[in-house]
Amino acid sequence: MAFTGIFLQPIPIDDQDRALAFYRDVIGMEVAVDAELDDDWRMVMMRLPGTRTKVQFARRHELSFSEEVPCLYLECEDLDAEAERLSAAGVRFVTAPTELPWSDTERFAMFRDSEGNTVLMHAAPREG
């Protein structure tokens, strides 16, 4: 296969500084790009540490997601520990950590980010 990963995933936001602080300080992402575009908008991309995977902040009116549909899916190793860490940081969960309906070895939880978007976090056992 010629593809090696996902370059970026846009997520709808209203306030770039608030979203940057949330994804950097709460989620733990790194700022990959923060460059001026025009008087009222910047090109902001956040990266998961140690990866090439990035999210880009898009103007809310440029994207459409319903509250029920996650705009971002994050993988983690210990779902319960990560959910506990995020809850302690004030993150509001809409679905507590639970098993996927079709798998008794995979778990997920969903929370709202600083912009009201739904983010899904997922954990599966290590292969092998």
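User: Which residues of helix α2 are called buried, and what makes a residue buried?

Analyst: In this predicted model, the buried residues of α2 (residues 79-88) are L79, A83 and L86. Because they fall within an arc of 65° when seen down the helix axis, they line one face of α2; the arc is taken from the directions from the helix axis to the C-beta atoms. Buried means under 20% relative accessible area, exposed over 50% and partly exposed in between, with a 1.4 Å probe and protein chains only. Helices (H or I, at least four residues) and strands (E, at least two) are DSSP runs, numbered from the N terminus.

User: Which exposed residues does the opposite face of α2 carry?

Analyst: The face turned away from the buried side carries E84 and A88.

User: Why is Q16 called buried?

Analyst: Q16 has 7% relative accessibility, so Q16 counts as buried. Its place is in helix α1.

User: What makes the approach of Q16 to R42 a polar contact?

Analyst: A polar atom of the Q16 side chain lies 2.6 Å from the backbone oxygen of R42. A polar contact is a pair of N or O atoms within 3.5 Å; within protein, one must be able to donate a hydrogen and the other to accept it, and residues adjacent in sequence count only if both atoms are side-chain atoms.

User: Which elements do the buried residues of α2 pack against?

Analyst: They pack against α1 (16-27), β6 (93-99), β7 (107-112) and β8 (118-123), where contact means heavy atoms within 4.5 Å.

User: On what basis are these values given?

Analyst: Residues are numbered from 1 along each chain as its sequence is written, and side-chain values use heavy atoms, with hydrogens and water left out. As the model is predicted, local features need pLDDT of at least 70, side-chain atom pairs count only at pLDDT 80 or more, and totals for chains, interfaces and linings use all residues.
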